[in-house]
Amino acid sequence: MTTNTNATKIEISGLFKRFDNAPINALENIDIDIRENEFVTFVGASGCGKSTLLRTIGGLEVQTDGELSIDGRAVNGPGKDRAMVFQHYSLYPWMTVSENIKFCRQLATYTKDRTSGDVEAASGRADALLRLMGLSNVSGAWPNQLSGGMQQRVAIARALMGKPEIVLMDEPFGALDAQTREVMHDLIRYVHRLEKATILFVTHDVEEAIYLGGRVVLMAPRPGRIDTIYEVPFGDQRTQDLKNEPEFLQLKREIVNRIRDTSGMKTDLEQLARLSGLQAEDTAATAETI
Amino acid sequence: MTQPLSTATHSAHLPTTGAAAAPETGARPKPALPVCTNPKPPSEIPPRRRPTNLFTVRAPISRRSYWILAIIGLLTPLLGWTMLAAWGDMDSTFMPTPLMVLSKAWLWATENGLLADAGISTYRVAAGFLLSAVIALPLGLLIGSFRSVQALLEPLTDFIRYMPAVAFIPLVMLWVGIDESAKISIIFIGTFFQMVLMVAEDVRRVPAAQVEAAQTMGASRQELIEKVIFPSAKPALLDTLRITMGWAWTYLVVAELVAANSGLGYSILRAQRFLQTDTIFAGIIIIGLIGLLTDQAFRWVHRAAFPWLYLKG
């Protein structure tokens with residue numbers, strides 16, 4: 001990142017998380033510092049604790065042990081400085097798109113000591129977000145009238161409305177089709193540059209993780225831990241073509257292989273290969289007899 | 001990406017690519033709706049459907065079939081009843097014909113104060129139901145929102161729920177007396193405990209992501225309940241009210257066991273004493289009709305209050 005703000009935003013050291021009655025740690029000895037305005041993506045096999053880590057940072061889970069602080073202050077529950085975007089079901093179906101986006105404006109934390117200038121600025125910001133997200137012509141629609149991609153745009157706009165310093169995204173595009181995802185990727189990169197927020201983005205899609213992230217944090221399961229942190233060397237200006245560059249593909253292959261190695265699923269795959277090989281021989285044999 | 005073509009552009013020359021059309025964006029007229037290039041306008045193309053019959057799993061049926069089937073479903077029992085009463089080897093004292101029941105209902109309506117009976121019964125049901133709703137809604141909201149309140153109250157409610165409401169009649173008579181409040185109390189006991197648990201369940205079913213999103217936007221505890229959990233649960237709550245209203249009606253007859261001298265349930269009970277089966281039939285059917293009307297009213301309110309749940313397409 002070529003920004004001048006390089007202060008540490010999120011500090012995590014020796015963080016452990018174990019759920020009640022769980023045999024192993026969901027998170028084990030997590031150490032990572034995240035700088036202001038960074039875009040960090042988290043990937044890993046399922047069960048690696050990437051979502052749990054994000055939720056812990058968001059204050060929705062409490063760590064069992066270890067330190068987690070933001071701007072030097074220990075995290076104590078969720079707050080408006082860390083808005084979260086979920087995979088789905090987070091929009092309010094009884095509100096229109098623009099009401100959803102303006103939701104935070106009716107909360108006491110925003111209405112406490114607001115001036116008429118604030119109200120104006122907020123409605124300007126809501127309009128700007130609607131435009132930026134391409135939601136202007138559906139601002140009066142209800143969420144369930146929109147496609148999945150449009151719904152996620154609303155969720156992102158709503159999270160950004162309160163000007164959070166950190167945006168936590170938990171597989172926000174996980175349920176979207178490939179074409180919609182591409183559009184959303186460029187959108188979210190623009191948003192990152194415009195908003196100057198620190199973005200933490202959890203995904204299971206390695207391509208997405210590399211394309212979006214300044215750093216890619218690879219996590220491994222059982223127990224959930226940080227395996228490798230990759231610096232993504234492609235700078236700030238990225239286009240969809242980047243996804244076909246050899247360097248990009250090389251990095252993608254490396255990360256995908258590493259996820260496979262750490263997932264603990266290898267034996268299953270070998271057995272599957274053996275079984276399918278057997279089956280292929282069987283069909284060949286049958287074909288010959290006919 | 002659909003490319004909006006104005007009719008003028010369309011007739012003159014088709015831009016070969018989107019990129020070729022892009023530079024001439026200066027003073028372009030507002031693009032009209034996309035022009036249909038299909039030789040046949042959509043309305044002329046007959047709707048093509050996979051052929052289905054009435055017993056294709058989950059396949060839609062036409063509106064006409066729906067109503068024909070509904071009428072068959074309603075008329076068959078009536079027909080069966082008529083035939084049983086006419087040709088069955090049964091005394092009309094035990095099995096009156098539909099016509100007898102109808103004339104009895106008419107007599108009841110014109111001379112014996114059916115309206116007053118229906119009115120007082122409706123009042124009792126409504127009062128018991130409303131009292132129950134007024135307490136069950138906030139209590140269920142708390143049980144569904146806080147594990148502590150759930151631990152405190154849910155096992156107790158579950159326990160009381162299994163106690164037969166009828167068995168409370170003697171106690172109610174001793175404690176409340178035998179006037180209107182006794183009848184309302186019985187309906188309340190029959191409805192309330194079920195209602196609390198259903199309300200709590202509705203509240204618990206509010207998606208966690210909706211609540212957590214609000215938390216990360218800075219909502220306080222009270223705001224979570226007022227601005228997210230309650231509005232989110234509202235449609236389910238109205239359905240719960242609709243269903244429990246039905247139960248309130250079923251407790252009417254039980255409630256009017258208690259020293260009543262008016263009401264539909266009372267009339268049914270008295271008719272039994274005088275072996276007036278036609279009155280019993282008429283009373284049951286009238287309660288059924290009032291229930292059906294209330295149910296439809298609830299559904300109508302549901303559609304009017306939560307339009308986003310009834311969007312088509």
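User: Before we look at the two chains together, what does buried area mean here?
Analyst: Picture putting two parts together and asking how much accessible area they lose, with a 1.4 Å probe. The loss is summed over both parts. Keep in mind that this is a predicted model. So buried area is the accessible area that two parts lose on being put together.

User: Okay, how much do chain B and chain A bury between them?
Analyst: Carbon and sulfur atoms make up 66% of the area buried between chain B and chain A. On the chain B side, T216(B), M217(B) and W308(B) lose the most area to chain A, and together they account for 36% of what that side buries. The total for the two chains comes to about 2,000 Å².

User: Which residue of chain A forms a salt bridge with E212(B)?
Analyst: The rule finds one salt bridge across this interface, along with seven residue pairs in polar contact. In the salt bridge of E212(B), the closest N and O atoms are 2.6 Å apart. Its partner in chain A is R55(A).

User: Is α9(B) mostly covered or mostly open, and how many of its residues are buried?
Analyst: The buried residues are A209(B), Q210(B), V211(B), E212(B), A213(B) and A214(B). Their cover includes α1 (50-57) and α5 (148-161) of chain A, together with α10 of chain B. That leaves α9(B) mostly covered, with the buried count at six of its eight residues.

User: What share of the residues in chain B is buried?
Analyst: For chain A, 47% of its 290 residues count as buried. Chain B has 313 residues and exposes about 19,700 Å², with carbon and sulfur atoms supplying 67% of that. Its buried share is 37%.

User: How far does the C-alpha trace of chain A span along its principal axes?
Analyst: Chain A exposes about 14,100 Å², and carbon and sulfur atoms supply 49% of it. Among its contacts between residues at least 6 apart in sequence, 72% join residues at least 24 apart. Along the principal axes, the span is about 85 × 45 × 40 Å.

User: Why does N25(A) count as buried?
Analyst: N25(A) is found in the loop between β1 (8-17) and β2 (27-35) of chain A. Leaving out residues up to four places away in sequence, N25(A) touches F16(A), K17(A), R18(A), P223(A) and G224(A). Buried means under 20% relative accessible area. N25(A) counts as buried because its relative accessible area is 12%.

User: And which side chain joins that of N25(A) in a polar contact?
Analyst: N25(A) sits in a loop, between β1 and β2 of chain A. The polar contact between the two side chains is 2.7 Å. The partner is E28(A).

Methods. Residues are numbered from 1 along each chain as its sequence is written. Chains are lettered from A and ligands numbered from 1 in the order in which they are written. This is a predicted model: local features need pLDDT of at least 70, side-chain atom pairs count only at pLDDT 80 or more; totals for chains, interfaces and linings use all residues. Side-chain values use heavy atoms; hydrogens and water are left out. A salt bridge is a side-chain nitrogen of Lys or Arg within 4 Å of a carboxyl oxygen of Asp or Glu. A polar contact is a pair of N or O atoms within 3.5 Å; within protein, one must be able to donate a hydrogen and the other to accept it, and residues adjacent in sequence count only if both atoms are side-chain atoms. Buried means under 20% relative accessible area, exposed over 50%, partly exposed in between (1.4 Å probe, protein chains only). Contact means heavy atoms within 4.5 Å. Accessible areas come from the Shrake-Rupley method with a 1.4 Å probe; for residues, only the protein chains shown count as cover. Helices (H or I, at least four residues) and strands (E, at least two) are DSSP runs, numbered from the N terminus.
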